[in-house]
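These are my notebook entries on a structure that I went through element by element. Each entry records what I looked up and what I found.

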Amino acid sequence: MSSGIEQARKTAEGLTDGSYSFGFGNEHSSEAVPGALPQGRNSPQRAPLGLYAEQLSGTAFTEPRAHNRRSWLYRIRPSAAHPPFTRIDNGAVRSAPFTETVPDPNRLRWNPLPEPAPGTDWLAGLWTLGGNGDTTQRTGMAVHLYHANAPMADRVFSDSDGELLIVPEHGGLLLCTELGLLAARPGEVALIPRGVRFRVELLDESGRGYVCENYGRPFELPDLGPIGANGLANARDFRAPTAAYEDVERPVEVVNKFCGNLWSAVYDHSPLDVVAWHGTHVPYVYDLRRFNVIGSISYDHPDPSIFTVLTSPSDTPGLAGVDFVVFAPRWLVGEDTFRPPYFHRNVMSEYMGLIEGAYDAKAEGFVPGGGSLHNMMSAHGPDRDTFDRASAAELKPQKIDDGLAFMFETRWPLTATRQAATAHHLQQGYDDVWQGLERHFRS
Ligand SMILES: [Fe+2]
């Protein structure tokens, strides 16, 4: 085991509840050094301890208060002091607009990403599957996967194009962000807001998972309507970091994703030098096992919107740019009900991934680290084995607790990248899972 992993693990193990600030969308505040955070104002004539005050805005200044996101950072050096950025190779990262292939109405399914070359860090191991929208218009989203086996060493990333929802599937991550440290292990998700700089270290020999890059409005908790004041993902279960700064004076590469391309500049210090901060534009970690699952206790299978963890609203009420949905352990008790997800065609487009175990609509072929894409109006649902089993099952109360699947559901069709459309790990013959669904009706 490399000493880097050992150190990252020790650091992560040291992150107790006291290392976090709890709540989603509320005003968090934290100082790594007592007195570093100004009181009563954001930008005093001289910020405390000789720090520089800087505002980081994730929404326009004038967006409604309920959606507004900004943080004030008190840092050793202002972000403005940096050398010029120059273009670097985009690696396997692609961005909207996605034009390498045409949108495909076929149902597609992939196996996990292959093993990366030795020394692949999280950023180098980022591989874009597809997406929609336009980064320059701040609309749409991208689906990426990552597979890494090395820490980002003296390398920091920030994404101007969108926020990043990171879904570890194998191996834990230590996210060293401008606002502090977050550990995210399989079963947890991490949200890095637009523009927040961060470095990824590994808590295990390798790390593999999924990323939803949301170009649109920041994710928020969905409204609960008749569910009431509690339920689904509860705000208090989101963990924001507390301030932790690096006072490092040596070359550090800062990579910025900007309108689809990667740009790089070598700073003479670490930009993770925020000593205190307060605000609403903050990273989070959320444990999906805390999701309060709401479902039917009479009959029928509710629409999967009931499983929404986070939603990025569009300008049309009720229509999300992208929803993050989890299929968490739950009881099924519906009477006279076909209990797995029903057959459907949907105007929204669905990318599904699996964090562990199995998914209750697919008996096989949908594996952890893999994923499926069911684009706008493509017909899908349970496979033959699942249909036969569920149609004949005795309807006793049943606990579904052998898997953790999720979905990025988006308003526009996803277009695959060329590398995804031609990948060796794209499964051939996915359509076959719906073969053999026999006719039972006789006219
Ligand atoms: Fe679906």
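Entry 1. I began with Tyr74, which stands opposite Ala276 in strand 19. I took strands as DSSP runs of E of at least two residues and helices as runs of H or I of at least four, numbered from the N terminus. The model is a predicted one, in which local features need pLDDT of at least 70 and side-chain atom pairs count only at pLDDT 80 or more, while totals for chains, interfaces and linings use all residues. Residues are numbered from 1 along each chain as its sequence is written.

**Entry 2. The surroundings of strand 4.** I followed strand 4 to its partners, counting two strands as paired if DSSP finds at least two bridges between them. Strand 4 and strand 19 (residues 274–279) are antiparallel, with five bridges. Within this pair I also noted Trp72 opposite His278. Strand 3 (residues 52–57) runs antiparallel to strand 4 and is joined to it by six bridges. There, Ser57 faces Arg70.

I then looked up the whole sheet: it is open, has four strands in the order 2-19-4-3, and pairs in the antiparallel sense. Its edges are strand 2 (28–31) and strand 3, each of which pairs on one side only. Neighbouring strands are turned against each other by 20 degrees on average, direction ignored; the axes are lines fitted to C-alpha atoms, for helices over the stretch in contact, and angles between N-to-C directions run from 0 to 180 degrees.

Why is strand 4 largely enclosed by the rest of the structure? Five of the six residues of strand 4 (residues 70–75) are buried, so the strand is largely enclosed. I called a residue buried with 20 or more other C-beta atoms within 10 Å of its own, exposed with 12 or fewer, and partly exposed in between, with C-beta atoms placed from the backbone.

**Entry 3. The nonpolar core.** Tyr74 came up again here. The largest nonpolar core holds 108 residues, and Tyr74, Leu165, Ile166, Leu175 and Ala190 touch the most other members. Such a core is a set of buried Ala, Val, Leu, Ile, Met, Phe, Trp, Tyr and Cys residues joined through C-beta atoms within 7 Å. At least three residues of this core come from each of domain 1 (3–37 + 45–288) and domain 2 (291–427).

I listed the contacts of Leu165, leaving aside neighbours within four places in sequence: Val189, Leu191, Val211, Cys212, Asn214, Phe219 and Phe324. A contact requires C-beta atoms, placed from the backbone, within 7 Å.

**Entry 4. The two domains.** The bounds of the domains come from an automatic or database domain assignment. I found their C-alpha centres 26 Å apart. Across the boundary, 50 residues of domain 1 are in contact with 50 residues of domain 2. On the domain 1 side, strand 7 gives the most, with seven residues.

Entry 5. I looked up a second open sheet, whose six strands have the order 6-25-24-27-22-21 with antiparallel pairing. Strand 6 (108–110) and strand 21 (308–313) form the edges. The twist averages 15 degrees from one strand to the next. Strand 21 pairs with strand 22 (residues 320–327) over five bridges, and Pro313 has Ala320 as its bridge partner.

Entry 6. Which residue does UniProt list for "binding site"? The unreviewed entry gives His380. UniProt annotations may be inferred rather than shown by experiment; their positions follow the numbering used here, and feature names are shortened. His380 lies in the loop between strand 25 (371–374) and helix 2 (384–392). His380 is buried because 21 other C-beta atoms lie within 10 Å. Beyond its sequence neighbours within four places, His380 is in contact with Arg107, His344 and His374.

The unreviewed UniProt entry places "active site" at His301, in the loop between strand 20 (284–287) and strand 21. With 16 other C-beta atoms within 10 Å, His301 is partly exposed. Not counting residues up to four places away, I found His301 touching Ser296, Gly334, Thr337, Arg339, Pro341 and Tyr342.

**Entry 7. Backbone details.** Met377 is in the loop between strand 25 and helix 2; its phi is near 70 degrees, a positive value in a residue other than glycine. I also recorded a cis peptide bond between Ala96 and Pro97, with omega about 0 degrees.

Note on methods
Contact = placed C-beta atoms within 7 Å.
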